[in-house]
Amino acid sequence: MNRIDSKAVLALARAQGHAWVDEAAAQRIAAGATAAVAAVEASLRQGEPGLLVEDSAGFLPTLEQLAEPPR
Amino acid sequence: MSLEDLTLLEVADAIRTRRVTSREVVETCLARISDWQPRINAFAAVLADSARAAADRADAELAAGVPPGPLHGVPLAHKDMFFRASRCSSLGSRHAPPAPGAVESSLLGRLDAAGAIEIGTLNMCEFALGPTGHNAWLGDCRNPWHTDHIACGSSSGGGAAIAARLAYGGFGSDTGGSVRLPASACGVLGLKPTNGRVTLAGMMPLSPSVDIPGIFARSARDVARLLGIVAGRDARDPRSSGLPVPDYEAALERGIARLRIGVPRNFFLDGVAGDVALRLEESLHTLAALGAEIVPVTVPVPEHLTELSRVLVYSEAAAIHGPWLREHAESYSPQVRMRAATGLAIPAAAYQQAQQLRSGILRRFVGAVFSKCDLLHLPTLCIPVPTLAETDVGGSAAMWEKIAVLVRCTAPFNYLGLPALSVPCGFTDNGLPTSFQLVGRPFAEATLLRVANAYEGVTDRVRRAPAMH
């Protein structure tokens, strides 16, 4: 599992010039990022095996293809 | 009936037929704003002078025989994040980063062309990042039904102002429930359209692949009128859809007999408070009595949808706010600072995967759910509206948990891009409003509004107004 801990967040924040990120902030950010990324990993496991080749630009066309038929 | 209790369509008709002037309507709203604003802080700015001038122009045009638009002379108010070239928007912030110069919101332009009057800009959570309505810079927005309670957010002023009859309708933005939650908390209708149905051009971006403007109003007919005006392709917004815009008002007239309303067996009803569950159950009985068929439905993998949405929202918010946040961190409140910065710690590959997974998950969801029913019925907010004190968690360790409870039933549909409508259905034991939420296939707004309209026809939920204590 892709675990993002507060040390990693602190290092990233420093590297990107966010001097305001302290240990407490880093813990909160790490908790939020870890939960979010875990959902991506869980969704990947539930999907079809193989390469993830879907074009992310296709979301609006997908919505349009699935549109409610005229009533 | 007094002017303030008229719906948007009723007041538009009264102005068009010259039974009342636009100036009288605007003065009624301004007087109410003067009374209510110190209590609920729903407005970021009141545009009294320009609204009066616009009302006088509208009345003069009618007197001169100029054909009126569908919103001629009607006062509206919108979240303070739809840009006009002539002014600065607060964006709910202490010091908003400079927005691109001379940007005009396409949505406001369409409302202007329909004859609407903008009576003010509405309070909101800082940079639209927050579901409670707290705002350290503009002051907290409060619930007009009980001012110890939150109005919810992030379009907090929209729910509070429309419920208190300070304007006849308005627009907010919905990236995780930010229109539906305040609509539910304040007892008005709140529509999150299908992503792509309404233009984003000239609206403050939080997360452009998830953002969508949403509507506050006091009846399904009012929502239908407003949606019909703003929906449709905008050459300035490549994310807007070119699908034809139906006649939403005409579609309301069809009943709901034999419409299949799905009730989720899993996830969405877990942990729902008893008094909220009771109101949901009552609304289902009402809809069944109107001829709808109620069917249980199992919803595929809902537990990941909110977090998938967060991957997109936080990554895109971090991209937008990163440079300003680095230089001006003190301009942000602690919670917003941390939520915006969460995207800095999400790997780029995870962001791209969440984007790539989106179409497949949507296809799976639509196939599994809308083969069994025409729309879903579920809570908007699964708990009674909490107090300001209960939700004033700032950037503390309780932050993620509090947010998760509030957006549990709304954020999944932002990831999926589906249309969702919050409809008031009564009150919980604490005297605050609660609502059911209808979710449909992509671009099924007309079906959602049809159900809400049928429900309104046999209940008095949308006619109730908060009293000033």
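S90(B) is buried, at a relative accessible area of 18%; buried means under 20% relative accessible area, exposed over 50%, and partly exposed in between, with a 1.4 Å probe and protein chains only. This is a predicted model, in which local features need pLDDT of at least 70 and side-chain atom pairs count only at pLDDT 80 or more, while totals for chains, interfaces and linings use all residues; side-chain values use heavy atoms, with hydrogens and water left out. Residues are numbered from 1 along each chain as its sequence is written, and chains are lettered from A and ligands numbered from 1 in the order in which they are written.

You will find S90(B) in the loop between β2 (75-79) and α4 (106-113) of chain B. Helices (H or I, at least four residues) and strands (E, at least two) are DSSP runs, numbered from the N terminus. Setting aside neighbours within four places in sequence, S90(B) is in contact (heavy atoms within 4.5 Å) with A44(B), D80(B), A96(B) and L138(B).

## G157(B) in helix α5

G157(B) sits in helix α5 (residues 156-163) of chain B and is buried, with a relative accessible area of 0%. Apart from neighbours within four places in sequence, G157(B) is in contact with A42(B), L122(B), N123(B) and C141(B). Between G157(B) and E307(B) there are 150 residues of separation in sequence and 26 Å in space, C-alpha to C-alpha.

## Strand β12(B) and its partners

Strand β12 (residues 420-427) of chain B is mostly covered, with eight of its eight residues buried. Two strands pair if DSSP finds at least two bridges between them. Strand β7 (residues 189-192) of chain B pairs with β12(B) in the antiparallel sense over three bridges, and here K192(B) stands opposite A420(B).

β12(B) is also joined by seven bridges to strand β13 (residues 433-440) of chain B, again running antiparallel. In this pairing A420(B) stands opposite V439(B). β12(B) and β13(B) form a hairpin with five residues between them, and G431(B) in the turn has a positive phi of about 85°.

## Salt bridges within chain B

The structure holds 19 salt bridges over all chains, where a salt bridge is a side-chain nitrogen of Lys or Arg within 4 Å of a carboxyl oxygen of Asp or Glu. One of them joins the side chains of D5(B) and R165(B) (3.6 Å, N to O). This pair links distant parts of the chain, 160 residues apart: D5(B) is in the segment before α1 (8-16) of chain B, and R165(B) is in the loop between α5 and β6 (170-173) of chain B. D5(B) is partly exposed, with a relative accessible area of 27%, whereas R165(B) is buried at 4%. Another salt bridge is formed by the side chains of E118(B) and R84(B), at 2.9 Å, N to O. E118(B) lies in strand β3 (residues 117-122) of chain B and R84(B) in the loop between β2 and α4, so this pair ties together parts that are 34 residues apart in sequence. E118(B) counts as buried at 13% relative accessibility, and R84(B) is buried with a relative accessible area of 13%.

R310(B) and E307(B) also meet in a salt bridge through their side chains (3.0 Å, N to O). Both lie in helix α10 of chain B, three residues apart, about one turn of the helix. R310(B) counts as buried at 10% relative accessibility, and E307(B) counts as buried at 16%. Salt bridges that share partners also join R84(B), R87(B), E104(B), D112(B) and E118(B) into one network.

## Where chain B meets chain A

Chain B and chain A bury about 4000 Å² between them, 65% of it on carbon and sulfur atoms; buried area is the accessible area (1.4 Å probe) that two parts lose on being put together, summed over both. The contact takes 58 residues from chain B and 38 residues from chain A. Across this interface the rule finds one salt bridge, in which the side chains of R363(B) and E54(A) meet (2.9 Å, N to O).

Several helices of chain B, among them α10 (305-327), α11 (334-342) and α12 (348-369), each supply at least two residues of the side that touches chain A. α12(B) gives the most to that side, with 15 residues. The residues on this side of chain B divide into 28 nonpolar, 19 polar and eleven charged. In this count, Ala, Val, Leu, Ile, Met, Phe, Trp, Tyr, Cys and Pro are nonpolar, Asp, Glu, Lys and Arg are charged, and the others, Gly among them, are polar.
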